[in-house]
Amino acid sequence: MSTSAIGSNTISFTDAVRFFRIVTNSGPCPMCSAVAWTIPVNQMNGPVSLVPSGNNDDSGSPVMELKLSCDVCGYFRSHNATIIRKWISENPADDEPTNG
Ligand SMILES: [Zn+2]
């Protein structure tokens, strides 16, 4: 696998969940009104799966997207991974216990 350009840009599943819980309002799917969003991961407890948006940022790095899918109708919503990483770096995890 050639993920060299992506490796340093990973977002942990835990941080992604934290971001969506705190920053977004976890609204219903605009297509089917279900509230059943899935955050994609390649492996259990691994980082979330990001896909290239096709654009580069000011430094020339590829802009990645995190795409959540609706479990009911398959609708995708995309979030700019750069924004998520920025928020995570400014709001580090507080070592709060998880319910596993
Ligand atoms: Zn849906």
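This is a short walk through the structure above, from its overall layout to a few single residues.

The structure is a predicted model, in which local features need pLDDT of at least 70, side-chain atom pairs count only at pLDDT 80 or more, and totals for chains, interfaces and linings use all residues. Residues are numbered from 1 along each chain, as its sequence is written.

Start with the layout. The chain has 3 helices and 4 strands. Helices (H or I, at least four residues) and strands (E, at least two) are DSSP runs, numbered from the N terminus. Along the sequence the pattern reads α-α-β-β-β-β-α.

Now look at the strands. Two strands pair if DSSP finds at least two bridges between them. Strand 3 (residues 62-70) pairs with strand 4 (residues 76-80) in the antiparallel sense, over 5 bridges. Lys67 has Ser78 in strand 4 as its bridge partner, and Leu68 stands opposite Arg77 in strand 4.

Leu50 stands opposite Leu66 in strand 3. Asn56 has Pro62 in strand 3 as its bridge partner. Strand 2 and strand 3 form a hairpin too, with 5 residues between them. Its turn holds Gly60, with a positive phi of about 90°. Strand 1 pairs with strand 3 as well, antiparallel over 2 bridges. There, the bridge partner of Trp37 is Cys70 in strand 3.

Next, the helices. Two packed helices are described by the angle between their axes and the distance between the axes. Helix 2 (residues 13-23) packs with helix 3 (residues 81-90) at an angle of about 90°, and their axes are 10 Å apart. Axes are lines fitted to C-alpha atoms, for helices over the stretch in contact, and angles run from 0 to 180 degrees between N-to-C directions. Helix 2 and helix 3 are therefore roughly perpendicular to each other. Angles under 35 degrees count as roughly parallel, over 145 as roughly antiparallel, 65 to 115 as roughly perpendicular and the rest as oblique.

Which residues of helix 2 meet helix 3? They are Asp15, Ala16, Phe19 and Val23, and they meet Ile84, Trp87 and Ile88 in helix 3. The residues of this contact between helix 2 and helix 3 divide into 6 nonpolar, no polar and 1 charged. Here Ala, Val, Leu, Ile, Met, Phe, Trp, Tyr, Cys and Pro count as nonpolar, Asp, Glu, Lys and Arg as charged, and the others, Gly among them, as polar.

Move to the inside. A residue is buried if 20 or more other C-beta atoms lie within 10 Å of its own, exposed if 12 or fewer, and partly exposed in between, with C-beta atoms placed from the backbone. Buried residues make up 12% of the 100 residues in the chain. A nonpolar core is a set of buried Ala, Val, Leu, Ile, Met, Phe, Trp, Tyr and Cys residues joined through C-beta atoms within 7 Å. The largest one has 9 residues: Ile11, Ala16, Phe19, Val48, Leu50, Met64, Leu66, Ala81 and Ile84. Helix 2, strand 3 and helix 3 each supply at least two residues of this core.

Two residues are in contact if their C-beta atoms, placed from the backbone, lie within 7 Å. Leaving aside neighbours within four places in sequence, Leu66 is in contact with Ile11, Ala16, Val48, Leu50, His79, Ala81 and Ile84.

Finish in the loop between helix 2 and strand 1, where Val35 has its place. Is Val35 buried or exposed? Val35 is exposed, because 12 other C-beta atoms lie within 10 Å. Ser33 lies in this loop between helix 2 and strand 1 too. Ser33 has a positive phi of about 70°, although it is not a glycine.
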